[in-house]
Amino acid sequence: MEYLNAVEAELKSVSPGMEGKLWSRTPGNIFDTTGDDAASWILQVPDCWGWTASKGIPAGAEKPGVKKLLNRLRHNIAQAGRTVDITGFGPPDMIGSPAGPFPDGNFLDAMFDGIKEAVERRDEGDDRLIVRFMTGVVGVDRTADPWVFRDALIKRLGTLAREVDLRVCSMTTRGVSSYNHTKFVIVDGRSVIHGGINWMTNYYIEEGPLFSRGFGDTAPVTDLDIALRGPAALSAGKFLDMLWEWARTHAGWVKSGWIKNRKQYPAWIAVEKPSPPAEGWTLYDGDDEEPYTPGELQVISVGSLGYGILDRDKDSAYERPYAEREDQAASYLNNETNLDSAFMTVNPDANAIRALVAHAKTSIVLSQQDINGFTGLPLMHALFDVRLLDVLAQKMMEKVKVRIVISNPGSPDYSNVSSVDVAYKSLYQRVRLRTRYDAEAHRVLRRGLQLAPLRVSDEQTWPGNYKYRLHSKVVCVDATAFYVGSRNVYPDTTQDHGFIIQDEAAAAQLIEHFLEKQWLYSRNAAICDWEW
């Protein structure tokens, strides 16, 4: 377990006081598969590799990956005996918006059907099923009304609503830049689905008509979640308890009379009075029963608190290591994620990913929306994670092969940069600091880097001339260990979470079913390829 050991050592150094809360290493897990499909723990959308208009791409929710994901969501939630936790992120719900703040369309239907089935199979006298929905919204959003969403669910449940304890929350912790960005479905603290997939039907399932829900008529987003069972799900739940506790103490507009008003960036919570009691917000204390350990898989679960929840880990003495020319990544004088050591102690997932990459010996594969941050208004994030790109630069100089696939640059969405050249230049800048000549830096990149925007077939665009869009957050090293979660590798300040796993067989499945298919087509658009 050398890769996990390296990551754990970094986490103990950066965030020792957050162990068991913000991060943990747990044995006893298992990949959550169905039927005879050993790779069914991989939930990718739309999973239409190689399909073109002439092949007849299935419409809407009939796309193979979408259909599989919706079935899994419904199935897992239907098994709930005590609790269901669902989190997400959404834009303001207004005219022209491509989605709303809460799960919608096919995603909401699958979740609702699972909740309904779970309630219907309960025995008389059982405690009510606790269902929590949390969404992250930008601070200017006043459309994310948790009561509207809760009341709509109650109406759909009908008489079954009396068997459900519904808790709905929308929250932001700093203006437009820090809010929940996780995409969890956790059932009973025993099973978890998580990754990059937002519960937005328009982005992931619909293809039109134009303006049917905002943009419409665009390429469905390529993305990936994974499904696990075991203590890793409980670890993720404990992380969510931290977010819910913050929301409880910062509720700024509530109809339940016992929650005090708070200023600054509030959470809005819709609950029934008097349920839950003021002390009943923690669902995952784990003290009332034996741990659920269905397998032997070790998993590191690691999250981040963004800004506004906790300033720093008071038990940490961590100071960021020196990095030459940190100002290369600054935008509009903003470089906080590269300079703020205290921030890193309560957002250790970026350090964990860097530690994983730093341990690579032969190969590093990144499937990402971008490696560059959004430097424009209003976010003005840093251009890149200086220390991550330094690790990639050093690894390429050590002859480790690096492959990066990103979303197609440019407007209207799913890219922070105007050209793939921005990503290349950022890597070049960090390599150049380690070489004597410009030509030598370019030579290192030509011999060690594969860099391309996403393609999913031999066609350069999705049918209708729409750009391919990539939103996955996957890092895989040495075909042995990998990260999957909601954390981008570019600078960000949201609340996120992910899993780091070392398992050669699972890594091989991830490579075969997702990463290699992605590169098979994306390499046709590569601007740099060491195999040329």
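Analyst: Contact here means heavy atoms within 4.5 Å. The model is predicted. By that contact rule, and leaving aside residues up to four places away in sequence, L228 touches I30, F31, D32, R190, S191, V192, L297, V299, F499 and I501. L228 also belongs to the largest nonpolar core, which has 109 residues; L228, L449 and F482 have the most contacts inside it. Helix α6 (residues 231–249) gives this core its largest share, nine residues. Another core, of 48 residues, lies apart from it and includes F102, L108, I115 and W147. In soluble globular proteins, nonpolar side chains tend to be buried together.

The largest cavity holds about 210 Å³. Its lining consists of 19 residues, with T337, A350, R354, D385 and P491 nearest the centre. Helices α7 (336–339), α8 (341–345), α9 (349–358) and α10 (386–397) each contribute at least two residues to that lining, and α9 supplies the largest share, five residues. Sorted by class, the lining of the largest cavity has eight nonpolar, five polar and six charged residues.

The second largest cavity has a volume of about 50 Å³. G88, F89, G100, P101, F102, P103, T135, W199 and M200 line it. The lining of this second largest cavity has six nonpolar, three polar and no charged residues.

How values were computed: Residues numbered from 1 in each chain as written. Predicted model: local features only at pLDDT ≥ 70, side-chain atom pairs only at ≥ 80, totals over all residues. Heavy atoms only, no water. 1 Å grid on protein atoms, 1.4 Å probe; cavity = no way out; pocket = protein on both sides within 12 Å on 5 of 7 lines; lining within 4 Å. Points joined across faces, edges and corners; volume = space filled by probe spheres on them. Helix = DSSP H or I, 4+ residues; strand = E, 2+ residues; numbered from the N terminus. Nonpolar A, V, L, I, M, F, W, Y, C, P; charged D, E, K, R; others polar. Core = buried A, V, L, I, M, F, W, Y, C linked by side-chain atoms within 4.5 Å. Buried < 20%, exposed > 50% of the residue type's maximum accessible area, 1.4 Å probe, protein only.
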